[in-house]
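User: Could you walk me through this model before I set anything up?

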Amino acid sequence: MTLPPIVQVGAPVLRARATPVPPERIATPEFQELVQTMIATMRKAPGVGLAAPQIGVPWRVIVLEDRAELQASLTADERRERERVAFGPRVFVNPELRLLGEARELFFEGCLSVAGFAGLVERSLEVEVTGLDEHGVSQTWRVRGWPARILQHEVDHLEGTVYVDRMLTRSFSTQEQAKARFAGKSIAEIRQALGLDAAQK
Ligand code: ZN
């Protein structure tokens, strides 16, 4: 399979509202190939989620997966703080996201379409997503922690929103800098190091 390049920020397709997929299209070979291409592209990157606009397809389709090997560099404490658990792969066509409760969490996020960078983004701790799966069957997934963050990030892509629109701009870093300065640190320590507790943005 020849994999498409991942579209980088600045491209109009990442700033447009994606189009709902007509459910009768889901069973077509073309759509099934799109789903397989998205999963393969996400894995190769490697990443934990991908939205169709990121490969230049303006449709409301997202894929997500978090594999144990992608978490290998995290300590047990880091995994716990992020509520990061392995799952997937999961496919959502025409997803609708509902934020549950008031709890919100701040953490670093990156994006395959903003290659090489990271920033702190506040997200709802728990969400419920409904939509169709890759067979056109309705599904609902209620989830918290890291998968909830991935879902919010990917559904944002379908609205033309990129995480940099939501991040605390003072936290914007190269991935090397973020790793060197903040790996193994708690969010409270990171906030302090960035001067965020002085209410600066
Ligand atoms: Zn992204």
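Predicted model: local features only at pLDDT ≥ 70, side-chain atom pairs only at ≥ 80, totals over all residues.

User: ok, which protein donors does the zinc ion have?

Analyst: They are Cys111 (SG), His153 (NE2) and His157 (NE2), at 2.1 to 2.3 Å from the zinc ion. Donors here are N, O and S atoms within 2.8 Å of the metal (3.2 Å for Na, K and Ca), and since water is not among the atoms, sites may look incomplete.

User: and what spacing do the donors follow along the chain?

Analyst: The spacing is C-x41-H-x3-H. His153 and His157 are separated by about one helical turn because they sit four residues apart in helix 3 (residues 146-158); helices (H or I, at least four residues) and strands (E, at least two) are DSSP runs, numbered from the N terminus.

User: His153 and His157, buried or exposed?

Analyst: Both His153 and His157 are buried, where buried means under 20% relative accessible area, exposed over 50% and partly exposed in between (1.4 Å probe, protein chains only).

User: what does Gln54 touch?

Analyst: Gln54, in the loop between strand 1 (49-51) and strand 2, has contacts that include Cys111, Glu154 and His157, not counting residues up to four places away in sequence; contact means heavy atoms within 4.5 Å. Gln54 is also buried, with a relative accessible area of 1%.

User: switching topic, how many residues are in the largest nonpolar core?

Analyst: That core has 28 residues, and among those with the most contacts inside it are Phe108, Trp141 and Ile190. Helix 3 gives the most to this core, with six residues. A nonpolar core is a set of buried Ala, Val, Leu, Ile, Met, Phe, Trp, Tyr and Cys residues joined through side-chain atoms within 4.5 Å.

User: what does Ile190 touch?

Analyst: Not counting residues up to four places away in sequence, Ile190 touches Phe108, Leu120, Phe182 and Lys185.

User: last one, which residues lie nearest the centre of the largest pocket?

Analyst: Arg82, Arg84, Gly110, Trp146 and Gln175 do, out of 33 lining residues. On a 1 Å grid over the protein atoms alone, a pocket is an open set of points where a 1.4 Å probe fits, with protein on both sides within 12 Å along at least five of seven lines, and lining residues have an atom within 4 Å of a point. Helix 3 gives the most to this lining as well, with five residues.

Note on methods. Residues numbered from 1 in each chain as written. Heavy atoms only, no water.
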